[in-house]
Amino acid sequence: MDVNEVTLLGNVGQDPDYHTFDSGDMNAKFSVATSVKWKTGEKTQWHNVVVKDKHLVEVCQKFLQKGTRIWMRGRSETRDWTDKDGNKRYTTEVVVPPFVGQLHVEARGKGWGDAEGGASQGNASNALEEDIPF
């Protein structure tokens, strides 16, 4: 197991933002909330996620929205930048890289109509494979 490997089971915090680059590469950015419950309460933690695998970005476009329950595997990456005031800033993200990242839709979020299957469960990457004509 890679020391930076991260596995999350949680809910998408907001509809993903998508970006297509001049090269044709795509990414999706969103947050995921994970929770731990104790007898005395519950703690929710938020994770910034970047999906860089083009096929999984297409799965995100087709299936993800605020509230969707997902299981994913990626790696933790911290990057830094300098803000407009000259201060050094850091952010840590869970990156789902091409070829080795995984993303599964466990339950669809609120707003899915009955025509789209309600709150069905399954593997989003399998749903993408159904669209491949070979």
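Q: Start with glutamate 93. Buried or exposed?
A: Glutamate 93 is buried, at 11% relative accessibility. Keep in mind that this is a predicted model.

Q: What puts glutamate 93 in the buried class?
A: The cut-off for buried is under 20% relative accessible area, and glutamate 93 has 11%, so it falls in that class.

Q: Which side chain does glutamate 93 meet in a salt bridge?
A: That of arginine 79, with 3.0 Å from N to O. Arginine 79 sits in strand E5 and glutamate 93 in strand E6 (residues 88-96), so the bridge ties together parts 14 residues apart in sequence.

Q: And how accessible is arginine 79?
A: Partly exposed, with a relative accessible area of 39%.

Q: Zooming out, how many salt bridges are in the whole structure?
A: The search finds five.

Q: What does arginine 73 pair with?
A: Glutamate 5. Their closest N and O atoms are 3.4 Å apart. This pair links distant parts of the chain: arginine 73 is in strand E5 (residues 69-82), glutamate 5 is in strand E1 (residues 5-12), and 68 residues separate them.

Q: What are the relative accessible areas there?
A: Arginine 73 has 27%, and glutamate 5 has 28%. Arginine 73 is partly exposed, and so is glutamate 5.

Q: Switching to aspartate 83. Which residue forms a salt bridge with it?
A: Arginine 89, with the closest N and O atoms 3.0 Å apart.

Q: Is aspartate 83 buried or exposed?
A: Buried, at 17% relative accessible area.

Terms used:
Residues numbered from 1 in each chain as written. Predicted model: local features only at pLDDT ≥ 70, side-chain atom pairs only at ≥ 80, totals over all residues. Heavy atoms only, no water. Salt bridge = Lys/Arg side-chain N within 4 Å of Asp/Glu carboxyl O. Helix = DSSP H or I, 4+ residues; strand = E, 2+ residues; numbered from the N terminus. Buried < 20%, exposed > 50% of the residue type's maximum accessible area, 1.4 Å probe, protein only.
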